Amino acid sequence: MSPMVTNKLPFLDENQVRAVLSYEELIPAMRQALMDFSAGRVQQPVRAIIPVSSYGGWFGIMPAVYGKVMGAKMVTFYPGNTELQKHTHMAMIQLFRSDTGEPLASMDGRLITEMRTAAVSAVAIDHLAHPRAKVLGILGSGVQARSHFRALAGIRSFAEVRVWSRTQDHAQQFAAEIGARVTTAEEAVSDADVVLALTSSPQPILCGRWLRPDAMVCAIGAATPDRRELDEEAMRGTVVVESREAAMREAGDIVLAHAQVSAEIGELLNGARLDRGDRPVVFKSVGIAVEDIAAAKLVYDKFTA
């Protein structure tokens with residue numbers, strides 16, 4: 001499948017992105033991008049966000065310069081879209097050459113956002129979770145729950161998977177798809193080695209008292225400073241982020257709990273040690289631009305090879 005190329009700038013739609021983007025290549029690309037970011041090899045400001053208050057959403061702009069390419073993702077977040085049976089996140093990415101500034105391609109960014117988010121979590125789990133982790137708890141049953149399950153399949157094998165969702169029917173459907181067991185939120189988290197928090201809830205749905213001391217949590221769903229999925233006790237765990245600057249400004253789980261950030265995941269991948277003590281590790285992800293640009297480059301390279 002080739003992009004729609006005329007004498008105009010190539011545009012790659014979601015189906016074309018889906019045809020070439022795989023977790024097998026995306027996970028290592030995200031690992032390298034996070035390492036490069038924390039090593040100072042990426043130029044990237046914190047995402048600029050414009051609230052669209054009259055419609056209950058926001059519009060974000062995420063630029064980055066990364067090696068031979070640079071670009072920007074324009075992304076929207078409309079939590080109310082769930083009721084309309086539409087995606088809550090939608091996006092477009094524009095890619096440029098770094099050396100000349102020439103535009104290379106435009107592409108749909110919704111699937112890239114979905115997949116790179118799960119791939120980053122896979123990188124974090126691979127590095128931070130116990131090597132013999134066997135029990136996975138999933139809070140949520142939407143797009144990210146499915147993409148995370150697919151991404152993790154390439155790095156870990158879980159003997160037991162538990163699912164909770166605020167909508168029982170959705171939980172049952174998702175659990176049936178992946179061979180999991182539907183439980184309460186507490187049952188999904190208690191004694192789990194790895195927990196994924198993947199909801200759009202503005203209020204905590206995960207209590208720290210449920211977590212075992214050596215658990216690893218990926219907190220993904222709350223990506224604005226006024227929303228949180230984890231309570232304050234959970235956020236007293238050892239907190240790891242993609243970007244300190246972005247997390248301290250954008251992550252409600254951190255901002256509202258006044259949590260301390262121990263490290264960036266890229267620092268740990270580059271060899272820094274993490275003193276976790278007798279506490280769970282919480283990887284709080286908000287998504288950063290270099291992830292999108294690195295993923296977009298993978299897609300573009302496939303079409304121009």
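Trainee: Within how many Å do the axes of helix α2 and α3 come, and at what angle do they cross?
Mentor: First, a caution: this is a predicted model, where local features need pLDDT of at least 70 and side-chain atom pairs count only at pLDDT 80 or more, while totals for chains, interfaces and linings use all residues. Residues are numbered from 1 along each chain as its sequence is written, and side-chain values use heavy atoms, leaving out hydrogens and water.
Mentor: Axes are lines fitted to C-alpha atoms, for helices over the stretch in contact, with angles from 0 to 180 degrees between N-to-C directions. Helices (H or I, at least four residues) and strands (E, at least two) are DSSP runs, numbered from the N terminus. Here the axes of α2 (residues 23-38) and α3 come within 9 Å and cross at roughly 70°. That makes α2 roughly perpendicular to α3 (65 to 115 degrees; under 35 is roughly parallel, over 145 roughly antiparallel, the rest oblique).

Trainee: Which residues of α2 meet α3?
Mentor: Contact means heavy atoms within 4.5 Å. Y23, L26, I27, M30, R31 and L34 in α2 do so, and their partners in α3 include M115, R116 and D126.

Trainee: In what order do the six strands form the sheet?
Mentor: Strands of a sheet pair through backbone hydrogen bonds, either parallel or antiparallel. Pairing here takes at least two DSSP bridges between two strands. The order is β1-β6-β5-β4-β3-β2, in an open sheet with mixed pairing. β1 (11-12) and β2 stand at the edges, each with a single partner strand, so one side of each lacks a neighbour in the sheet.
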